[in-house]
Amino acid sequence: MSGLYERESRSVSTLAHLRFFPQAVTGGKGSMLRGDDGRDLLDFAASWGAASLGHGHPALAEAVNRALTDQAGASYLSTANEPSVLLAEKLLSLVPERAAGRVWFGHSGSDANETVARAVVAATGRPRIISFKGAYHGGTVGSVAISGHPAQDGIEKASGLSLVPYPDSYASGSPEAASKTALAHVEELFATSVSPQDVAAFFIEPIQSDGGMLVPPPGYFKEVEALCRRHGILLVCDEVKVGLARTGRLHAFEHSGIEPDIVVFGKGLGGGLPISAVVGPEAIMNHASTFSFQTLHGNPVCASAGLAVLETIERENLVENAAKVGDTMLSALRVLQEKHPLIGHVRGHGLAIGVELVSDREARTPAIEQTALTVYRAFQLGLVIYYVGLNSNVLEFTPPLTMSEEEALRGIAILDQALSDVEAGKVDPQLLERFAGW
């Protein structure tokens, strides 16, 4: 264990820890982090996608410095401030027309999704919400209440929540089978226990990230959208981890050809600073004043960072870069799949990629311990990568949008070595004793 990691263990609470290996950093530049031991670490996680522009991007630093040097207060609760207005106007210009009403600002995807869940019920008078099994919409009481991730089992859910299966093409054997089965669950729900007229909103993830980087089958969300339109149900799209250029489109929902009523942004919007945004119809977003607020919501420094991120995505063509580098990574990973029996499935769009590890390809048996050992060994070799999934067996790739093809291939080479070492039994399972992961 590094000195900084041990010092943290004596001073910082573990209540918010999700740890996979003893990572401790003192700085970073671009796609690289600097460990406190002096090692350079290639970052394939970007703090779960939050460091969207990488580390130390000059445009972000300049925007934050300018906002702090001439600070327009610290909140938008009781005063309009220019940075939050500019960011709101920019976001309204980027979403589908049906969502382009008003913008609410928060600190994280968690408080954003909680706000939406409360607002849609209050504004529509409909008491029910649908979301997916495996969905992680946040860690606050209200966002956990509409989530379906097993890591949050045992925590009380909203009384009006119904959870339906997310289509998993790999587990189902084909995209067609996955789509058919998942749609049948929704239709059965409406035909039996839940009146669609009681449902305020259907929360979706255009790629289910923490549930295993699941890419929906073609046409699936078009069917869900049609169901929502038929019954007057609001379609809420959680783009917190996979939105804003990550998938090689500006919005991940564009891959499904749908137009959500409400779009939720977070993580990468701030480039590493805490900010989230909900963009939706005026009737929902202006339901009531003092409905959902914290003192530092609409903070002008964070809003300036958000605007800098959006402008940098456009100026540096990061949508196109994510698509190009992501294609390179997917191709390289599929080559590894032919080499490594541990790799059962490779999936994703752009720089939102999942690699599912299995101990038996035919049975698709989750390789749970091997997955944890792979990310630990990769860290030892200089690559930061985490895992997700209902069975904790999916390597997740959410690197900075600025990552180059050379860096991507270098990281894949490290992963190749890590997998080889795990398959050869060279990585001691006792290394995992202090790292529970998901």
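Trainee: Hi! Where does His-231 lie?

Mentor: His-231 is in helix H9, residues 220–231; helices are DSSP runs of H or I with at least four residues, numbered from the N terminus like the strands (E, at least two). This is a predicted model, with local features needing pLDDT of at least 70 and side-chain atom pairs pLDDT 80 or more, while totals for chains, interfaces and linings use all residues. Numbering starts from 1 along each chain as its sequence is written, and side-chain values use heavy atoms, without hydrogens or water.

Trainee: Okay. Is that histidine buried or exposed?

Mentor: Buried, because the relative accessible area of His-231 is 18%; buried means under 20% and exposed over 50%, with a 1.4 Å probe and protein chains only.

Trainee: And what does His-231 touch?

Mentor: Leaving out residues up to four places away in sequence, His-231 touches Arg-126, Phe-190, Pro-196 and Gln-197. A contact here is heavy atoms within 4.5 Å.

Trainee: Let's move to the sheet. What order do the strands have?

Mentor: Seven strands form an open sheet in the order E4-E10-E9-E8-E7-E5-E6, and the pairing is mixed. Two strands count as paired if DSSP finds at least two bridges between them.

Trainee: Which strands are at the edges?

Mentor: Strand E4 (102–106) and strand E6 (161–164), each of which pairs on one side only.

Trainee: How many bridges join E8 to E9?

Mentor: Three, and the two strands run parallel. To find them, look at residues 234–238 for strand E8 and residues 262–265 for strand E9.

Trainee: New topic: how much space lies in the largest pocket?

Mentor: About 1300 Å³. Pockets and cavities come from a 1 Å grid over the protein atoms alone: a 1.4 Å probe cannot get out of a cavity, while a pocket is open, with protein on both sides within 12 Å along at least five of seven lines, and lining residues have an atom within 4 Å of a point. The volume is the space filled by probe spheres set on the points.

Trainee: Which residues are closest to its centre?

Mentor: Of the 49 lining residues, Ala-16, Leu-18, Ser-47, Trp-48 and Lys-267 are closest to the centre of the largest pocket. Helix H1 (3–9), helix H2 (46–49) and H5 are the elements that give two or more residues to that lining.

Trainee: And the second largest pocket, what volume does it have?

Mentor: About 650 Å³. The second largest pocket has 25 lining residues, and nearest its centre are Tyr-76, Val-103, Trp-104, Met-285 and Asn-286. H4, E4, H5 and helix H10 (282–285) each supply at least two lining residues, and the largest share, four residues, is from E4.

Trainee: How many cavities does a search of the whole structure find?

Mentor: There are two of 30 Å³ or more. The largest cavity holds about 60 Å³, and its lining includes Gly-49, Ser-52, Lys-241, Arg-246 and Leu-401. The second largest cavity has a volume of about 30 Å³; Phe-105, His-107, His-297 and Cys-302 are among the residues lining the second largest cavity.
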